[in-house]
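Welcome! Let us take a walk through this protein together, one stop at a time.

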Amino acid sequence: MPSLVKKGDIMIGGIFPVFNKEITSTVSFQKKPPGVMCAGFDMRVFRWTQIMIFAVEEINKDSVLLPNISLGYRILDSCASPTNSLRAALTLASELEEVNLTSFCTPAISALIAESGSSQSIAVAGTLGPFHMPIVSYFSTCACLSNRAKYPTFFRTIPSDYFQAKALAALVKHFGWEWIGAIQSDNDYGRNGVLAFTEEVKKLGVCIAFVGTVLRTYPMDKILAVVEMIKQSTVKVILAFVPEGDFYPLMNEVLKQNITGIQWIASEAWITAPRPSTPEMYQAFGGTLGFVVQKMAIPNFKPFLTNISPYKDPSAAFVNDFWEIIVGCRADSPDKHTEAEKTKICTGNETLINSQDVFFNVTQLRVSYNVYKAVYAIAHALHQLVFCQPAGEKRMRPCLNVSEIQPKEVTYHLQRVNFRNQFGDHVFFDENGDPPASYDIINWQLRNGQVEHVTLGHFASAENGIYKLSIQEEKIVWRTGETVPTSVCSGVCPAGTRKAEIKGKPACCFDCVPCAEGTISNSSGATKCILCPQEYWSNERKDECIPKTIEFLTYHEPMGIALTVVSLLGASLSIITMIIFIHHRETPVVKASNSELSCFLLFSLFLCCLCPLTFIGRPTVWTCMLRHTAFGVTFALCISCILGKTIVVVTAFRATQPGNKVVGKFGPAQQRIIVCSCTLIQVVICILWLKLNPPLPDRVFRYSNKKIVLECNTGSNAAYYAVLAYIGILAVICLVLAFLARKLPDNFNEAKFITFSMLIFCAVWITFIPAYVSSPGKFTVAVEIFAILSSSFGVLICIFAPKCYIILVKPEKNTRKHVMGTNIHKKITI
């Protein structure tokens with residue numbers, strides 16, 4: 001295998017993908033294995049090989065680090081293939097030092113710097129790990145390589161993708177991207193990277209619309225399938241977690257089909273790679289964001305690069321390929337090539353001193369700096385092993401012979417290496433063999449016709465091991481005059497709506513459903529609606545809870561005014577009737593009507609008509625107790641008076657029969673006793689009601705979702721129905737007695753009037769019960785008031801209207817003869 005070699009006391013191996021494409025062929029070139037040819041010389045990777053050589057030479061000149069010990073190296077090409085990487089690793093590990101009795105199996109190299117791709121490193125570390133060969137990678141980022149059980153001797157100078165996945169997720173969250181696509185390479189690097197990223201963004205509510213898979217060896221139909229996937233998707237942001245070589249074919253096809261308007265996010269594998277960073281690629285990939293490892297400018301490295309020449313060592317691998325690309329001619333003799341090759345042969349006077357190629361720009365070395373640190377980490381581990389103390393301390397003699405160095409011991413000291421290099425960087429490995437994580441955020445911008453990588457922010461560890469993202473420039477330029485696009489599957493649900501998942505689609509794709517009545521969402525993007533408190537209801541926009549309407553029968557509304565007027569009218573009529581009766585108390589009609597009971601009855605009707613006023617207005621503790629008890633007592637008094645009159649009328653009728661002396665037993669005293677005793681029973685019921693479970697104001701929510709009805713809770717339904725039942729019993733007794741005396745044989749038929757009044761009274765209260773139960777809110781109160789006023793007016797009109805008519809309109813009939821009738825000759829007092 002072609003290699004770059006320099007012998008030393010201690011040998012370090014290096015594996016780099018100098019050629020990035022493996023081609024099967026029947027023709028064998030140079031020392032390549034038959035049937036396999038590597039193509040695609042990578043200038044970037046060639047610089048990695050040179051930085052390793054530069055670091056080794058720099059260490060050999062250092063009088064402190066490994067004094068009097070020379071480092072040597074052998075560098076092989078992996079052709080970016082896991083198979084070739086493993087072959088190169090076994091080649092390096094199997095070469096023996098000079099055979100002696102104690103160390104004939106010691107490998108020719110003490111440590112290995114490898115590899116670029118994660119799949120290649122997995123193959124190498126998995127194979128050489130059991131032999132305790134220390135391996136330090138400079139560009140393998142797969143988090144799977146942090147598994148010390150599987151890869152006990154693997155170290156790296158680049159952070160694990162575990163941290164890059166966190167950084168990319170934080171970046172996506174920062175810009176509010178919720179609907180993104182992903183492209184992965186068909187290897188461990190791509191698959192594990194996208195998997196780690198997916199797990200991180202899912203925690204942040206971000207959805208992956210699709211995952212396309214590419215590889216540099218894929219046929220074009222697979223590449224076109226991924227391109228079609230991008231075109232069919234609605235995503236505006238795509239993460240490409242792929243190495244440069246795997247992604248480049250897809251980039252060319254995206255450019256060819258003029259797919260624009262996509263915000264690309266890059267992994268560290270290709271964000272600063274030279275091939276994609278061209279003005280042509282900028283048409284489709286302009287504004288790409290990505291994370292890169294720490295950069296460094298290494299002094300004296302540029303002169304070292306410009307000093308490369310194929311004439312110094314014509315057998316040196318890779319140098320002729322490099323020279324042909326940079327200078328444009330081949331330095332080797334023409335007999336080494338077939339006749340088909342028409343490459344120009346160099347004159348021998350070419351030089352690289354004044355070359356302006358980007359290859360010689362060493363101001364932003366990133367992966368190269370990782371290779372540089374890897375060499376120094378191995379050198380410090382060797383120093384501690386050989387001198388039994390860290391470099392830089394007082395000089396001591398070696399405590400170990402160089403020939404006795406075992407790879408296992410180098411691994412042991414690599415685990416404990418901890419130093420600051422000449423640039424002030426702290427170099428060490430954690431328990432997983434990983435370095436501290438720190439990234440710069442890079443944005444592609446076009447300046448002066450060239451694509452530049454502008455640093456916009458940083459992602460690194462903060463206090464307590466928490467990693468934080470900081471953006472230095474909020475306005476990320478995607479193209480001139482444009483900002484980073486948004487990318488969501490569904491727009492943000494406005495306030496008043498909530499997200500509703502669409503069956504079969506990711507969580508980021510949803511419908512915005514208006515909140516149900518009584519629930520709100522007062523912020524955009526709500527996943528659920530909040531239930532309003534009981535006293536509140538949602539407004540029309542469903543974005544605010546507003547107080548429910550307080551409803552009760554007021555004096556200011558039309559219904560309240562009408563009922564108040566009717567109530568006052570009934571009370572006034574009762575007083576006027578009482579005044580008329582008092583003024584005409586000596587007339588036969590008034591005397592025949594029993595003026596005392598009539599006045600009691602009119603007074604009770606006056607109170608009954610005023611009772612509705614306690615039902616109108618905001619319920620309070622006192623009005624609630626008063627309205628029901630006052631209603632019960634006044635109506636009991638009213639019906640008791642009617643009952644007294646009915647009994648007197650019946651006894652008067654019986655008194656007209658010969659030999660009947662019952663009329664003498666129901667004089668004024670007995671009438672008062674009947675009225676008082678019947679009323680007292682109701683008073684006792686009401687007192688017990690108020691004492692045990694009184695009525696109280698209550699807020700009722702059941703009638704309407706948007707209203708709170710203020711009403712009086714009866715407290716005890718049994719007591720309330722007992723009051724109504726007692727009034728009903730008195731009314732029925734009055735009705736039965738009056739009905740029996742309805743055929744008095746005279747013109748003054750009091751029983752007939754009482755019968756009509758009780759019929760109206762009973763009819764009103766019988767119809768009141770279903771109306772009361774079915775009426776909602778304040779209409780319940782209105783129905784009760786209507787029943788009170790209707791029954792009061794019925795009694796007032798039926799009993800007293802005929803008498804007032806005779807007294808005021810027909811005074812000529814207000815005589816004893818007319819009142820008693822022609823067939824009655826016996827004087828009675830009623």
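Where is the place of Asn-300? In this predicted model, Asn-300 sits in the loop between β13 (289-292) and α9 (301-306). Its backbone has a feature to look for: phi of Asn-300 is near 70°, a positive value in a residue other than glycine. With a relative accessibility of 56%, Asn-300 counts as exposed, because the cut-off for that word is over 50%.

Now turn to Ala-80, in the loop between β5 (71-77) and α2 (82-94). Ala-80 has a positive phi too, near 55°, and is likewise a residue other than glycine. Is Ala-80 buried or exposed? Its relative accessibility is 15%, and buried means under 20%, so Ala-80 counts as buried.

Glu-115 belongs to the loop between β6 (111-113) and α3 (118-128).

Next, let us visit a pair of helices. Two packed helices are described by the angle between their axes and the distance between the axes. For α11 and helix α12 (residues 407-414), the axes come within 8 Å and cross at roughly 110°. Angles of 65 to 115 degrees count as roughly perpendicular, and therefore α11 and α12 are described as roughly perpendicular to each other. On the α11 side, Ala-377, Ile-378, Ala-381, Leu-382, Gln-384 and Leu-385 take part in the contact, meeting Glu-409, Val-410, His-413 and Leu-414 of α12. The residues of this contact divide into 7 nonpolar, 2 polar and 1 charged.

Helix α11 also leads us to a pocket. The second largest pocket has a volume of about 940 Å³. It is lined by 31 residues, and the closest to its centre are Thr-272, Ala-273, Pro-274, Val-358 and His-453. Elements that give two or more residues to this lining are β4 (36-41), α1 (43-61), α11 (367-387) and β17 (450-461). Which element gives the most to the lining of the second largest pocket? That is β17, with 5 residues. By class, the lining has 12 nonpolar, 11 polar and 8 charged residues.

Our last stop is Thr-351, found in the loop between α10 (319-327) and α11. Thr-351 is exposed, with a relative accessible area of 51%.

Methods:
Residues are numbered from 1 along each chain as its sequence is written. This is a predicted model: local features need pLDDT of at least 70, side-chain atom pairs count only at pLDDT 80 or more; totals for chains, interfaces and linings use all residues. Side-chain values use heavy atoms; hydrogens and water are left out. On a 1 Å grid over the protein atoms alone, a cavity is a set of points where a 1.4 Å probe fits but cannot get out, and a pocket is an open set with protein on both sides within 12 Å along at least five of seven lines; lining residues have an atom within 4 Å of a point. Grid points are joined across faces, edges and corners, and a volume is the space filled by probe spheres set on the points. Helices (H or I, at least four residues) and strands (E, at least two) are DSSP runs, numbered from the N terminus. Ala, Val, Leu, Ile, Met, Phe, Trp, Tyr, Cys and Pro count as nonpolar, Asp, Glu, Lys and Arg as charged, and the others, Gly among them, as polar. Axes are lines fitted to C-alpha atoms, for helices over the stretch in contact, and angles run from 0 to 180 degrees between N-to-C directions. Angles under 35 degrees count as roughly parallel, over 145 as roughly antiparallel, 65 to 115 as roughly perpendicular and the rest as oblique. Contact means heavy atoms within 4.5 Å. Buried means under 20% relative accessible area, exposed over 50%, partly exposed in between (1.4 Å probe, protein chains only).
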